[in-house]
Structure formats: C-alpha cells, structure tokens
Amino acid sequence: ASRERVFREVETRGLARSRLCILDALLRLRQACCHPAVLPGDLGRDIPSAKFDLFCDFVSEVVEEGHRVLVFSQFVRVLEVLRRWFEQAGISHLYLDGRTRDREERVRRFQEDESVAAFLVSLKAGGTGLNLTGADYVVLYDPWWNPAVELQATDRAHRLGQTRKVFAYKLITQGTVEEKILALQDRKRGLTDDVLRTESQWGGELTVDDV
C-alpha cells in the first residue's frame, strides 16, 4: 500500500514535491521493523516482533553475565516498549529522551551506580555530548541513515576513562527496509544524509530508482 501511494504521488506531483509522502512511508516501514506495536492506530496490536524477542534474550544474557548496556533508538515509542520490558524483567535501568529534565543526574547515576544495568537513550537526546563509560555493551536497536551518527552514539561508551573493551551491536530485521538502508549506505554514501537532511530541505541526489 505504501509503495503504491508513494509512486502514485511521484507520478502526479513529481519527486521533489513527494518528499513528505516518501518520508512517511519509510517511517512506517522502519517502525514496523522495530516493533509493530508502535505503529499508529493500533495497526500492529498483538503482532509479535522477532527483533524485540531477540533483543530481550540478548540483554538478559548480557546483564546476567554482569555487563552493563547502552540501548539507543531513534523512536521514543520504541524506547517506551523496551522500558516496559525492563520493568517487567526486573532489570535496573535508566531512561533518557528529549523530555528528560534531570539529564546530568541520570548520567551521573549510571556512571557511579553499578547496580544500574542498562541505560535507554534516544538518539536526539544522547547521540552526542554524553560520557557513558559505565557501559561495555552498546545496542543500536534500529539502523540510522547517517553512519556517522551511529558512530557518535557508540562513542558514548568509548570516551576517555573507559577501561574495558566495548562491544557494539546493530539489530537489523532481515528482508526489510532496514537491510535496504544498509545497502544504500554502501552503494551511495551521500544518499542517507540527503534523504533525511531536515524536513525543510530536500537534497538533489535522491532519484526515483533510489526510492
């Protein structure tokens, strides 16, 4: 349905004027990869998520072994789903998104209190400027268009003062738009910046074939 809507829009309005339609379709596809439950209008209610199940198993094992983990996602609704699981699993954790007021206090607590096993962080709130060397595992729950931003996020645990090896994992849902994002990154490095530069801008490198 998204594909038909996008190409109908491109055909009638042209590529540049179809930007919002394209971005909305990609957004929904990416959200479905993370967890169908975050789709609007209860479209994904009661639909299981392979990525979520894998994440839960992985984090349970890592925490049980005494490691501490940073979890990044672009989507606050995804982080809220993960947060509920941490609460149900009884895993001590902290949470930070763009609405968080006591940001520095939460960072300080994670750094100093080793009983806190995980820190859930949104990309916009924590992609830069945080020193989170208390963690030795980093999970990028969803792939980001700009590889440099992913590196900035994983760098939170690689900062000065880190004494352990840091393991970073990127979770990719097979056979979906997430794999295609990675393929586009490899084929056309500049494209990912071009697609999501800002909502008010639209770069010139994106072609109908890329869409």
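Visitor: Which residues have the most contacts inside the largest nonpolar core?
Guide: In this predicted model, the largest nonpolar core has 25 residues, and those with the most contacts inside it are Phe55, Leu82, Trp85, Phe86, Leu120 and Tyr141. A nonpolar core here is a set of buried Ala, Val, Leu, Ile, Met, Phe, Trp, Tyr and Cys residues joined through side-chain atoms within 4.5 Å, where buried means under 20% relative accessible area, exposed over 50%, and partly exposed in between, with a 1.4 Å probe and protein chains only.

Visitor: And which elements give two or more residues to this core?
Guide: Those elements are helix H3 (50–64), E1, helix H4 (76–89), E3 and E4, and H4 brings the largest share, six residues. Helices (H or I, at least four residues) and strands (E, at least two) are DSSP runs, numbered from the N terminus.

Visitor: What does Phe86 touch?
Guide: Leaving out residues up to four places away in sequence, Phe86 touches Phe55, Val59, Ile91, His93, Ala118 and Leu120, with contact meaning heavy atoms within 4.5 Å.

Visitor: Before we go on, what are the ground rules for the numbers?
Guide: Residues are numbered from 1 along each chain as its sequence is written, and side-chain values use heavy atoms, with hydrogens and water left out. Because the model is predicted, local features need pLDDT of at least 70 and side-chain atom pairs count only at pLDDT 80 or more, whereas totals for chains, interfaces and linings use all residues.

Visitor: OK, the sheet then. What is the strand order?
Guide: The five strands form an open sheet in the order E2-E3-E1-E4-E5, with parallel pairing, and two strands count as paired if DSSP finds at least two bridges between them. Strand E2 (93–96) and strand E5 (167–170) are at the edges with a single partner strand each, so one side of each is left without a neighbour in the sheet. On average, neighbouring strands of this sheet are turned by 15° against each other, direction ignored.

Visitor: How many bridges join E1 to E3, and how many join E1 to E4?
Guide: Strand E1 (residues 69–73) is joined to strand E3 (residues 118–122) by five bridges, with Leu120 in E3 as the bridge partner of Val71. Four bridges join E1 to E4, and there Leu70 has Val138 in E4 as its bridge partner.

Visitor: Which way do the E4 side chains point?
Guide: Tyr137 and Val139 point one way from E4, while Val138 and Leu140 point the other way, and all are buried. Helix H7 (residues 147–154) lies across E1, strand E4 (137–140) and E5, and runs at about 150° to E4; axes are lines fitted to C-alpha atoms, for helices over the stretch in contact, and angles run from 0 to 180 degrees between N-to-C directions.

Visitor: Switching topic: at what angle do H2 and H8 cross?
Guide: The axes of helix H2 (residues 19–34) and helix H8 (residues 177–187) cross at roughly 115° and come within 9 Å. In this contact, Leu26, Leu29, Arg30, Cys33 and Cys34 of H2 meet Val177, Glu178 and Ile181 of H8.

Visitor: And for the whole chain, how many helices and strands?
Guide: The protein chain has nine helices and five strands, and buried residues make up 45% of its 211 residues. Among contacts between residues at least 6 apart in sequence, 67% join residues at least 24 apart.
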